[in-house]
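I opened this one to find my way around it. These are my notes on what I looked up.

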Amino acid sequence: WVPQVLSSTDEIVELYRELSRHPGLKAACLGPDVTTQYGGKYCSLYTEWSQRDLARAENVKFCRQYLIFHDGASVVYSGPAGTCSEIKDELLSRESPSGALKAVLRKVPGKEKKEEKQFLEIWDQNCKVKSIDLTALDKHGTVYDDDHFGCLAWSHSETHLLYVAEKKRPKAESFFQSKAPELGTSSEHVGCPEKADVPLKVGSPCPGVGGVQWGSRGADRVLPQGEQFVYHEDWGEALSKRSVPVLCVMDIEASSISVLEGIPEHLSPGQAFWSPNDTGVVFVGWWPEPFRLGLQHCTNRRSALFYVDLTSGACEPLSGNNMAVWSPRLSPDRCRIIYLENNAFGPHQQCSRLRMYDWYTKQTSTVLADVPRQTWGAFPGIYCSALPGLCWAADSRRLVLDTAQRSQQDIFVVDTVTGATTLLTADTPQGSWSVLTIDRDILVARFSTPSCPHTLVRCCPLPSAQQPLLGLALNLLPTQKVAVLPGAGLEAQVQWVCLQDAPAVPGISWSIHTLQPPPEQEHPQYKGLDFDAILLRPSEGPTTQKHPLVVMPHGGPHSVFTAGWMLYPVALCHMGFAVLLVNYRGSLGFGQDSVYSLPGNVGMQDVRDVQLCVERVLQESSLDPGRVALVGGSHGGFLACHLLGQFPDTYHACVVRNPVVNIASMVAATDIPDWCLTETGLPYTPDTLPDPAQWTEMLHKSPMRYIDRVHLYPHPCPCVPASSAGAEAVPLPQVRAPVLLMLGEDDQRVPPQQGLEYYRALKARGVPTRLLLYPGNGHALAGVEAEADGFMNMALWLVKHLRC
C-alpha cells in the first residue's frame, strides 16, 4: 500500500504555518531571592523566546516570567507570573550581579529614513533610570551584539558597563571636495579637537590618574583625502559589518562613554569582562593579520586570552598565543577563569579542551583534554560553540556544560580540581539538552526531541551537600523542567520531574541507528570508527506502508545532528515523508579521531557513509526505494550533489541550499579559504598559492567532476591506499535527477557563484533544474521569508518529482 503524501499547496502552507508557531527558547535569567514576611523565599525566572511571525516576515522575541517559591530544600510552588509580552528592539540585555539593575542595548528606528540609533539603558526594579544615545555621542561605531565578539558586562561594583563596538572611522573626503571658508580662529570654527577624556581608574567614585587612556582611540579631526574607497576587511559570514572592534566603557553615574586605549593594534578584542576587583579587563584577542578569515562556526582561529590593567596600561597574555581560545568564564569567587581551547587552523570545529587559569597563582591547567574515541559511560569530549554565560556552581569548583554525545546532546557537571565528570541527564529520555544558566546552584536548561519542541529545565540548591536530590519540572511553551543540583559527589542522583504535561507533536516516531562501515571502507589510520543516523517517520497508518524517503546529510562537515526539534524534518514527516539525518564519520560527538578521519577524504568517505546508511535503511525499513530524494545545505549540499553523480540510480529528486560544488573555484571567493585546502587534505598557510596539482586535487574531490565523466579509481574504495592491482575504471553516468537550488545572494561562506556553476552545467545537459536566489540572505537562509518560501518550494519539488 502506497501512503498518501500531503500534496495540496494550501494544506502544506497551513501545516508549515502551524509548526512554525512553536517558539524556540533562547535565554533564561534567575532573579535574586526574596524573603516574604512569613519566612518563605521566592525568586523570579525570566525567559526569552523567539518565534517566527509569517505575517510580519520576521522573528519576534518575547518574554515570560515565573515565580519559584522554595524553602531551601525543595520547590514549594512554581508558576507563570502574567502573560507573554513581546521584547521590542532589544539587541543585548544583562542583569547586574546583585540583580538590582538591568542593562539594555536597544536599537531605535531613525525618523525620516535616517539610520537607526542605538541606546544604552539602565533599568532598576521600578523604571528606566538612564538612557544614553550612543549614536549621538559618536564615540564609536555600531555596538556588537553577535556571539563572537559581543558582550555586555557589569563591573563587580555595578558602577560601569563594558561592551564591544566598531572603531570610529573618520569620514573621508574627495580630493576635489569643496572647502568651507575659514571664518575665524576659534575652536568652534576651525574644528580643533575637543578636550580629551580624563583618564580614570575604574572602581573609583571620581576620575583618577591611571595608565590606560579613555578616548576616541584614533579618531582624527583632519579628514583624510583619497580614502573614500579603501577596502576594509570584515570577519566574514554573518559578521560582514564587523571589522575593527574596540572595548568601550559606560560610567553609569556620570552617564559618559569612553573607548579603552591600550589594546595592541594587532589584536581584535571581544568576549570581555571585568577582572577581579575591577582593576582591569580580561578579553579574547584575535589576530586579524595578515588578513581576516571568517569566524562564524570557526573555533580554530588564532586567538588568546589577555588582561589589560587599567592603572598601568599594561596588556599581557594569560594563555598561549598559538592556539584558538574562546568563551572565558570567571568563577563566582573571582579566583579562576575557565575557557575553551582548540588548535589553530585544522578542522573548523573539533573536540575542544577545557582550560583553567588561576588568577592568583598565574598557573594554567588542563581540566579536560580532547577525547580520541567516544565510549558509552565515559565523557565524550566537549563539542560546543560556547560555554553557558553562567556555568559555575556556587562552590566555584564545579561547572556545568552541554555537549554532543553521538546523536544526542547531554548535560555534564565537571569538577575542575579532579577533572571528574558526571552525566546529569543519564536517566532522562533521549533528546537534546542544553544549559541556559546556573545561579546559586539553580540550573536552568532546555530540552527537546524530534517530536517535542523546546522545554525548559531548572535546578535548585539544597541546604546540605549530603542531602539527596529533590527536583521538579514545569512546562513552558510547551513544557519546562526543574531539578536540584546535588552537592559534590552526589550529582548522579539528579532527577527531572514534570509538573505539567504537554503532549509531543503527534504523528512522528524516531530512532537512532548506528552503522559500521565495511572493512574495505575503513580509514587505514582510524579503523573501528562507526557513525549514526536519526530516522524520523510518520507513525500513523498501516506499518506496511512504504513512505518516500528524504535523505539529509548535515553541513560543516564537522557538525552534528542531535535528536532535537528541527522544523524542516518535522514538517516533511507530517507531510508523509520519512527523513534520514546522517551523522557520517567526521561528525562531532564521536571523538577527535572521527573528526580527523575526514580531511583529505571528503567526497569519498562521507559520501560512502551516507550511501551505506541509505541502502541499509531501505533494506531494513518499509520505505519506498523508488522514491528517494536528497536535501542538504552547504557541505550537506556538497554531499547531495556527489551522491547524485556517484549513485544516480538511487535518487530521484534533489534540493540543495548554498552547496559547495567546486572547491577549486570556491577557494578564491570564500571567507574560509583554509577550509578548501584543509578538507581536501592539503596544507594551509595564509600565504598559500595552490600549484596546478593542488588545484587538480580540489577539483578531483568536488561534485562537478561527477556530472558526466568516467573516472579511474586506483582502488574500488578511494578511502583505501592503492593496491598492486592497478587502476579500475568506474563509470559515473551524468546527473539525471531534477535539482532545485536555493542560494543566498549575500552568502560569503559558499558564494552563490557555486550554485550558479552547478545550475548552468545541469541546464546545458537538459537536467530539470530550478534556481531560487534570496536577496538579503546569507549562508543559512535564515530570514523568516526565505525560510518559509524555501520550505514550500522544497516540499512541492519533492511532491512533483517523487510522484507523490
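**The eight-stranded sheet**

I started with an open sheet of eight strands, in the order β32-β33-β35-β34-β36-β37-β40-β41, with mixed pairing. Its edge strands are β32 (508-515) and β41 (769-774), each pairing on one side only. Neighbouring strands here are turned by 20 degrees against each other on average, direction ignored; the axes behind that are lines fitted to C-alpha atoms, and angles run from 0 to 180 degrees between N-to-C directions.

Two strands pair if DSSP finds at least two bridges between them.

This is a predicted model, where local features need pLDDT of at least 70, side-chain atom pairs count only at pLDDT 80 or more, and totals for chains, interfaces and linings use all residues. Residues are numbered from 1 along each chain as its sequence is written, and side-chain values use heavy atoms, with hydrogens and water left out.

I found A533 bridged to V582 in β35.

**Strand β12**

Next I asked: how many residues of β12 (residues 160-166) are buried? Seven of the seven are, so the strand is largely enclosed by the rest of the structure. Buried means under 20% relative accessible area, exposed over 50%, and partly exposed in between (1.4 Å probe, protein chains only).

In a regular strand, side chains alternate between the two faces of the sheet. In β12, H160, L162, V164 and E166 are buried on one side, and L161, Y163 and A165 are buried on the other.

I then checked the partners of β12. Strand β11 (residues 152-154) joins β12 antiparallel through three bridges, with A153 opposite L162. The two strands form a hairpin with five residues between them, and E158 in the turn has a positive phi of about 60 degrees. β14 also pairs with β12 in the antiparallel sense, over seven bridges, and there L162 stands opposite V249.

**V244**

Last, I looked at V244, in the loop between β13 (214-215) and β14 (245-251). V244 counts as partly exposed because its relative accessibility is 27%. Beyond its neighbours within four places in sequence, V244 is in contact (heavy atoms within 4.5 Å) with Y144, A165, E166, K167 and R292. V244 and K167 are 77 residues apart in sequence, yet 5.6 Å apart in space, C-alpha to C-alpha.

Technical notes. Helices (H or I, at least four residues) and strands (E, at least two) are DSSP runs, numbered from the N terminus.
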